[in-house]
Amino acid sequence: MMRYPPEIKELLPQIVAVAQAEYDQWEQDPEEGDPELGFGGICDLIADGIAGLFDEAATVNSEGMGVNHTWVVIKLPSGVWNIDIPPSTYESGAGYTWTKKRDVVISPEDVIVELIDPNPDNFDQYVPA
């Protein structure tokens, strides 16, 4: 069982609900893609929703090396934390082409939380320029 800081553990049901709502709203036609996303994935929408739960103490980060994934970095009194739901949970693909996995139910066990810096004053180092 993963251990979460209290502030994250308290919001875990909302984190899962935000992710599930984005997944449930994602309509992807096999030939046309999604009207908004095309054949892109929904990780940026999920990350934006999760970041919104933490107000100004959160930022959205991404990497573009093959996976093109987006996750959340938050500042808490206990440090700077990554919050992520891996894309393999709800989609398959790579780069800018993703396919929705059908009938996914996102659970708290899908939420990855990791301490990246024990000093919350270092949060700005993790905010994209």
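A residue is called buried when its relative accessible area is under 20%, and exposed when that figure is over 50%. With that in hand, keep in mind that this is a predicted model.

**Helix α1**
- Helix α1 takes in residues 6-25, and its 20 residues should span 28 Å at 1.5 Å a residue; the end C-alpha atoms sit 29 Å apart, which agrees.
- There's a bend of about 50 degrees at Leu12, with a proline, Pro13, following within four residues.
- The buried residues of α1 are Ile8, Leu11, Leu12, Ile15, Val16, Ala19, Gln20 and Tyr23.
- Residues three or four places apart in an α-helix point the same way, because there are 3.6 residues a turn.
- Those buried α1 residues pack against α2 (43-52) and against strands β2, β3 (79-84), β5 (97-100) and β6 (112-117).

**Val16, a closer look**
- Val16 belongs to helix α1 and counts as buried because its relative accessibility is 11%.
- Val16 and Ile106 are 90 residues apart in sequence, yet their C-alpha atoms are 6.3 Å apart in space.
- Setting aside neighbours within four places in sequence, Val16 is in contact with Ile106, Ser107, Pro108 and Val111.

**The cavity**
- How many cavities of 30 Å³ or more does a search of the whole structure find? The search turns up one.
- The largest cavity has a volume of about 40 Å³.
- Its lining includes Cys43, Ile46, Trp71, Ile83 and Tyr90, along with Thr70 and Asp84.
- α2, β2 and β3 each supply at least two residues of that lining.
- By type, the lining of the largest cavity splits into nine nonpolar residues, two polar and one charged.

**Thr70, on the cavity lining**
- Thr70 sits in strand β2, which covers residues 69-76, and is one of the residues lining the largest cavity.
- At 12% relative accessibility, Thr70 is classed as buried.
- Beyond its neighbours within four places in sequence, Thr70 is in contact with Cys43, Asp44, Ala47, Val60, Asn61, Ser62 and Asp84.

**Asp103, out in a loop**
- Is Asp103 buried or exposed? Asp103 counts as exposed, because its relative accessibility is 74%.
- Look for Asp103 in the loop between β5 and β6.
- The phi of Asp103 is near 60 degrees, a positive value in a residue other than glycine.
- Most residues other than glycine have a negative phi.

How values were computed: Residues numbered from 1 in each chain as written. Predicted model: local features only at pLDDT ≥ 70, side-chain atom pairs only at ≥ 80, totals over all residues. Heavy atoms only, no water. Buried < 20%, exposed > 50% of the residue type's maximum accessible area, 1.4 Å probe, protein only. Contact = heavy atoms within 4.5 Å. Expected span 1.5 Å × (residues − 1). Bend = angle between axes of the 7 residues up to and from the residue. 1 Å grid on protein atoms, 1.4 Å probe; cavity = no way out; pocket = protein on both sides within 12 Å on 5 of 7 lines; lining within 4 Å. Points joined across faces, edges and corners; volume = space filled by probe spheres on them. Nonpolar A, V, L, I, M, F, W, Y, C, P; charged D, E, K, R; others polar.
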